[in-house]
Amino acid sequence: MTTLTETSVAGNDDRRDNNQNNINAFAGRNTYAKIDQKLMVALDVDGTLVDHDGHMTPGVREAAQAVVAAGHEVMIATGRSLNATLPIIEKIGIEYGYAVCCNGGVTLRLHPGLENGYEVIHKATFDPAPALRALRERLPSAKYALEDADGNFLSTERFQDASFGVEAVGVDFHTMLEATAVRVVVFSTENTPEEFNEAIDHVGLAGVTYSVGWTAWLDIAAAGVTKASALENLRLRLGIEQHLTVAVGDGRNDIEMLSWAGRGVAMGQAPAEVIAAADEVTHSVFDDGAAHVLRSLL
């Protein structure tokens, strides 16, 4: 494990030196020369580009915009749903390219000529009923929400969250069982994270992919669907070699992505198992860790 600094980037110094000769200096510039060697750069949002209040610092925003302007394939890879992802895409200046939402469940193509500037090119759906029934039996007081194939959110217990990007519609649990899902979210305010994790382990979810968040929060996607699976499809589509991939993240839903990347960087505040999956550790989100990584690409 290597701790990232501004001046020393593990396994990347030679490439960085070569690229630096072809790119204008980072500080104070608005235009950048195009690079000779294009990287595919996948960026988590919450806990990476923004803090847990949703705030992105000027340093992170400017560093991300600089890497986009330099010509790298920069893409958001987030657990957020589409409408909660679009403002981040706009903020860092991505007009052309791709984005991964819903932990790999939805992939977007971005182009200013498209209606609203994007189109959905892939959506992985699944039957949520078996997982929901098993979880409800073990966690009867938890809140449940589901994004359906049309991008609507259905929820119990008046469950709303900024990551949904739309206002959830209150429904009964039986209605949720009949829906086709892209993403299922479970949140408990009555269990500690330890109790919640124990309950998830006891359920033994099958036929889906899931990750547990910082608190008593669970995200569920279709079997085999992760940020990494969606990014690999995009890498093949773009024809970018594996060693030219970079990923930055902080959560358990980033573990596969960090392992997949040629250069996986964990945020400083990430849990131990996330750090173990990474090649490097940067500063925390509170110290602009993502900006340090992004500047190293210039």
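**View 1. Tryptophan 217 is buried, with a relative accessibility of 15%.** Buried means under 20% relative accessible area, exposed over 50% and partly exposed in between, with a 1.4 Å probe and protein chains only. This is a predicted model in which local features need pLDDT of at least 70 and side-chain atom pairs count only at pLDDT 80 or more, while totals for chains, interfaces and linings use all residues. Residues are numbered from 1 along each chain as its sequence is written, and side-chain values use heavy atoms, with hydrogens and water left out.

**View 2. The structure contains six aromatic pairs.** Rings of Phe, Tyr and Trp (its six-membered ring) pair if their centres lie within 6.5 Å; planes under 30 degrees apart count as stacked, over 60 as edge-to-face and the rest as tilted. In one of the pairs, phenylalanine 153 and phenylalanine 164 are stacked because their ring centres are 4.1 Å apart and their planes at 15°. Phenylalanine 153 lies in strand β8 (residues 153-155) and phenylalanine 164 in the loop between β8 and β9 (169-170), so this pair ties together parts eleven residues apart in sequence. Strands (E, at least two residues) are DSSP runs, numbered from the N terminus. Phenylalanine 153 is buried, at 1% relative accessible area.

**View 3. Phenylalanine 159 and tryptophan 217 form an edge-to-face pair, with ring centres 5.9 Å apart and planes at 75°.** Phenylalanine 159 lies in the loop between β8 and β9 and tryptophan 217 in strand β12 (residues 217-222), so the pair ties together parts that are 58 residues apart in sequence. Phenylalanine 159 is buried, at 3% relative accessibility.

**View 4. Phe153, Phe159, Phe164, Phe187 and Trp217 are linked into a cluster by ring pairs.**

Note on methods
Helix = DSSP H or I, 4+ residues; strand = E, 2+ residues; numbered from the N terminus.
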